[in-house]
Amino acid sequence: MTAKERSEKAAELKASGKYNCCQAVTTVFEDSVATNSPNMDKELLQQISAGFAVGMGCMEATCGALIGASIIAGLRTKGKGTVKLTKQILTKFKEKSGATICSDLKGIKTGIVLCECNDCVRNAVLAAEEVFQEAGV
């Protein structure tokens, strides 16, 4: 699956209402973590990422889509070098989306929406794919 296809699939999952932002991102990477984590399946990824909806604290914290990309970074690297990759993903996500905190993205205090959820999901997947490709993971 290409990065674009993966990002569109994630946006579709989010739009379906059956997945939160974090779950949509982690779910589309299921195939890419199977080698490093053979017991990881779609259901387990959904369970792990279930608590990171709505900015993990009613829009007051990090975007769930970005957290999902970080979870995948940990699985793809077996936890080695994950912090460095996560920082790179965060930087790329912020460039694409305008912020990393859910309330800022949704314009809760300013009234100016920087990035809708479906686009945050797309951007998290695309940022992660870029970083993974650059790092060779």
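This is a predicted model: local features need pLDDT of at least 70, side-chain atom pairs count only at pLDDT 80 or more; totals for chains, interfaces and linings use all residues.
Reader: At what angle do α6 and α8 pack?
Author: About 135°, with the axes of α6 and α8 8 Å apart. The two helices are therefore oblique to each other.

Reader: Is the crossing of α6 and α8 left-handed or right-handed?
Author: The crossing is right-handed.

Reader: Which residues in α6 meet α8?
Author: Among them are Leu 85, Ile 89, Lys 92 and Phe 93 in α6. Their side of the contact meets residues of α8 including Ala 124, Ala 127, Val 131 and Phe 132.

Reader: How many of the contact residues are nonpolar, polar or charged?
Author: The contact has 11 nonpolar, three polar and four charged residues.

Reader: New topic. How many salt bridges does the structure hold?
Author: Eight. One of them pairs Glu 130 with Lys 92, at 3.5 Å from N to O.

Reader: What does the pair tie together?
Author: Glu 130 lies in α8 and Lys 92 in α6, so the pair ties together parts 38 residues apart in sequence.

Reader: Is Lys 92 buried or exposed?
Author: Lys 92 counts as buried, because its relative accessibility is 18% and the cut-off is under 20%. Glu 130 is partly exposed, at 29%.

Reader: Which residue forms a salt bridge with Asp 31?
Author: Arg 6, with the closest N and O atoms 2.7 Å apart. Asp 31 sits in α3 and Arg 6 in α1. Arg 6 is buried, at 5% relative accessible area, while Asp 31 is partly exposed, at 49%.

Reader: And how far apart are Glu 8 and Lys 4 in helix α1?
Author: Four residues, or about one helical turn. Glu 8 and Lys 4 form a salt bridge too, at 3.4 Å between the closest N and O atoms.

Technical notes. Residues are numbered from 1 along each chain as its sequence is written. Side-chain values use heavy atoms; hydrogens and water are left out. Axes are lines fitted to C-alpha atoms, for helices over the stretch in contact, and angles run from 0 to 180 degrees between N-to-C directions. Angles under 35 degrees count as roughly parallel, over 145 as roughly antiparallel, 65 to 115 as roughly perpendicular and the rest as oblique. A crossing is left-handed if the near helix is turned anticlockwise from the far one by less than a right angle, and right-handed if clockwise. Contact means heavy atoms within 4.5 Å. Ala, Val, Leu, Ile, Met, Phe, Trp, Tyr, Cys and Pro count as nonpolar, Asp, Glu, Lys and Arg as charged, and the others, Gly among them, as polar. A salt bridge is a side-chain nitrogen of Lys or Arg within 4 Å of a carboxyl oxygen of Asp or Glu. Buried means under 20% relative accessible area, exposed over 50%, partly exposed in between (1.4 Å probe, protein chains only).
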